[in-house]
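Good morning, and thank you for coming. I shall present one structure today, and I ask you to keep it in view while I speak.

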Amino acid sequence: MSFSDRVLGFGAFSNRDTTYEVDQSLMFAPNAHFSRDVGSASNRKTWTWSAWVKRGTLSTSNDQMLFNAYDNSSASNSTYFAIRFFRTGTSDPADSLSVNGWTSANWRITNRRFLDPSAWYHIVVTVDTTESSASDRIKIYINGVQETSFASTTDNGLDEDQDLGVNAEQYHMMGAENLSSTDRYFDGYMAEVHFIDGTALTASSFGKTNSDTGQWIPKKVSGVTYGTNGFYLKFVSGALGTDSSGEGNNYTANNIDNDDVYLDSPTN
């Protein structure tokens with residue numbers, strides 16, 4: 001785990017043209033994760049997940065999970081969904097970003113590799129299976145730019161109007177996987193995690209380009225409707241899993257406490 005206080009986003013940036021400050025981040029060490037048992041299903045076709053992520057250990061033998069939904073029983077694309085950093089030992093590039101279902105593990109695997117443990121990466125994954133074009137049903141944005149170069153893509157099981165695992169009545173996790181045979185813990189830091197239930201947004205809803213440096217920086221999210229199962233986690237000490245969206249969708253912290261809150265953030 002890197003404990004560097006140096007904050008980079010493909011190069012250091014100043015904050016002269018922004019008034020929005022991210023005050024803290026949360027360190028995810030092995031076994032640390034958040035969970036929520038979603039008791040009422042909502043929009044399983046359309047949603048957006050956004051987070052600022054700084055990696056710790058790289059090139060691990062197991063995947064590192066950022067966001068996962070699964071009931072730990074049925075093997076189906078309609079119950080399982082994952083956003084993760086890819087492991088070593090396969091033909092796909094280690095430390096790439098993977099978005100996948102159960103039977104189609106390669107919906108999207110980026111050629112981009114996330115190899116800088118001193119860098120804050122802004123990751124946005126947008127899902128909208130109502131799109132008529134299969135290539136538009138999953139979109140990934142890294143530091144404000146939509147990814148177009150993939151090591152692997154498939155749209156098998158990603159049918160038009162397909163219900164996926166996210167927003168189903170089952171466990172949702174950040175930093176781990178709800179699967180009894182493996183945990184796939186994330187090692188690193190997260191900040192400013194937003195989940196928008198029912199709307200497909202672009203990265204510009206969560207960040208902007210610094211006019212002085214050209215770097216991608218956070219901005220205050222406004223004018224969005226979080227929806228039934230939407231949430232916003234700021235990871236404030238004393239309220240680590242508290243949802244700040246107003247929807248009341250709090251997450252339970254597991255093996256994480258207030259000592260894991262750090263001043264290192266995308267703007268600090």
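I begin with a definition. On a 1 Å grid over the protein atoms alone, a cavity is a set of points where a 1.4 Å probe fits but cannot get out, and its lining residues have an atom within 4 Å of a point. Grid points are joined across faces, edges and corners, and a volume is the space filled by probe spheres set on the points. Rolling a probe the size of a water molecule over the atoms shows where empty space is left.

Two remarks on the source are needed. This is a predicted model, in which local features need pLDDT of at least 70 and side-chain atom pairs count only at pLDDT 80 or more, while totals for chains, interfaces and linings use all residues. Residues are numbered from 1 along each chain as its sequence is written, and side-chain values use heavy atoms, with hydrogens and water left out.

How many cavities of 30 Å³ or more does the rule give? The count comes to one. The largest cavity holds about 30 Å³ of space. Its lining consists of Tyr20, Ser50, Trp52, Glu192, His194, Phe206, Pro218, Lys219 and Val221. Strands, labelled E, are DSSP runs of at least two residues, numbered from the N terminus. E3 and E13 each supply at least two residues of this lining.

I turn now to the sheet. Two strands pair if DSSP finds at least two bridges between them. Eight strands form an open sheet with antiparallel pairing, and their order is E11-E7-E6-E5-E4-E12-E2-E17. At the edges are strand E11 (150-153) and strand E17 (252-254), each of which pairs on one side only. From one strand to the next, the twist averages 15°; axes here are lines fitted to C-alpha atoms, and angles run from 0 to 180 degrees between N-to-C directions.

Some individual pairings can be followed in the display. Strand E2 (residues 33-37) and strand E12 (residues 171-174) run antiparallel and are joined by four bridges. Here Asp37 stands opposite Tyr171 in E12. Strand E6 (residues 96-100) is joined to strand E7 (residues 108-113) by three bridges, again antiparallel, and Ser96 stands opposite Arg113 in E7. E7 also pairs with E11 in the antiparallel sense, over three bridges. Thr110 has Phe150 in E11 as its bridge partner.

The next topic is the aromatic rings. A pair of aromatic rings is described by the distance of the centres and the angle of the planes. Rings of Phe, Tyr and Trp (its six-membered ring) pair if their centres lie within 6.5 Å; planes under 30 degrees apart count as stacked, over 60 as edge-to-face and the rest as tilted. The whole structure contains 19 aromatic pairs by this search. In one of them, the ring centres of Trp47 and Phe67 are 6.3 Å apart and the planes stand at 80°, so the pair is edge-to-face. Because Trp47 lies in strand E3 (residues 46-55) and Phe67 in strand E4 (residues 64-70), this pair ties together parts that are 20 residues apart in sequence.

Phe67 also forms a tilted pair with Phe195, at 5.7 Å centre to centre and with 50° between the planes. Phe195 lies in strand E13 (residues 188-197) and Phe67 in strand E4, so the parts tied together are 128 residues apart in sequence. Are these residues buried or exposed? Buried means under 20% relative accessible area, exposed over 50%, and partly exposed in between (1.4 Å probe, protein chains only). Trp47 and Phe67 are both buried, and Phe195 is buried with a relative accessible area of 1%. Ring pairs link Trp47, Trp49, Phe67, Phe81, Trp107, Phe195, Phe231 and Tyr251 into a cluster.

Charges also meet rings. A charge sits over a ring if NZ of Lys or CZ of Arg is within 6 Å of the ring centre and within 35 degrees of the ring normal. The charged end of Lys54 sits over the ring of Tyr189, 5.7 Å from its centre, and that of Arg87 sits over the ring of Phe86, at 5.2 Å.

Finally, I come to two loop residues. Ser59, in the loop between E3 and E4, has a positive phi of about 50° although it is not a glycine. Ser59 is partly exposed, with a relative accessible area of 39%. Asn143, in the loop between strand E9 (138-142) and strand E10 (145-146), has a positive phi near 50°. Asn143 is buried, with a relative accessible area of 11%.

Terms used. On a 1 Å grid over the protein atoms alone, a cavity is a set of points where a 1.4 Å probe fits but cannot get out, and a pocket is an open set with protein on both sides within 12 Å along at least five of seven lines; lining residues have an atom within 4 Å of a point.
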